[in-house]
Amino acid sequence: MAGRPNAYEEIIKPNLDRIRDLVGSGKTNEQIAKILGVSPSTLYKYKAEYTEIKEQYKKGIDEKIVELEQTAYSVATGKYTAITEDITYDGDGNIITRKVKKVKQVDTTALIFMLKALKPEMYANLEPDDNKDVVKAIQ
């Protein structure tokens, strides 16, 4: 009689790329476990046992850091734009929609906080109002 299926082989291993993507999107361990259909303790156990999972976590975080660095650079240099829809009404009450390109205001303090949290060795000394240092640090 076969034993209980191994959650690592059945669920975790086939989803290693998905785990990387979930980590990169900012999901917590508990959220990742729920999405995969395992308990958080199972995920923690396998994360401690299998280097493949640790590597996927690192890759997910590294990819997010690159994205944050690019966003921080765009914000610091004024190159961060967004396309939005402007909805208005004409005199008859008909909806008029047009695409508008706007410079999007981003919370530089939040970006610096995230960079400090994810890569403290590089960003620990940045201050929220010091955009020049952000640009220097990510160039």
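Tyr50 counts as partly exposed, because its relative accessibility is 21%; buried here means under 20% relative accessible area, exposed over 50%, and partly exposed in between (1.4 Å probe, protein chains only). This is a predicted model, in which local features need pLDDT of at least 70 and side-chain atom pairs count only at pLDDT 80 or more, while totals for chains, interfaces and linings use all residues. Residues are numbered from 1 along each chain as its sequence is written, and side-chain values use heavy atoms, leaving out hydrogens and water.

The structure holds 3 aromatic pairs (ring centres of Phe, Tyr or Trp, with its six-membered ring, within 6.5 Å; planes under 30 degrees apart are stacked, over 60 edge-to-face, the rest tilted). Two of them are listed here:

| Pair | Centre to centre | Between planes | Type |
|---|---|---|---|
| Tyr8 and Tyr50 | 3.6 Å | 5° | stacked |
| Tyr46 and Tyr50 | 5.7 Å | 55° | tilted |

Tyr8 lies in helix α1 (residues 7-12) and Tyr50 in the loop between α4 (40-49) and α5 (51-76), so their pair ties together parts 42 residues apart in sequence. Helices are DSSP runs (H or I) of at least four residues, numbered from the N terminus. Tyr8 is buried at 1% relative accessible area, and Tyr46 is buried at 7%. Together, Tyr8, Tyr46 and Tyr50 form one aromatic cluster.

Elsewhere, Leu118 belongs to helix α6 and counts as partly exposed at 32% relative accessibility.

How values were computed:
Helices (H or I, at least four residues) and strands (E, at least two) are DSSP runs, numbered from the N terminus.
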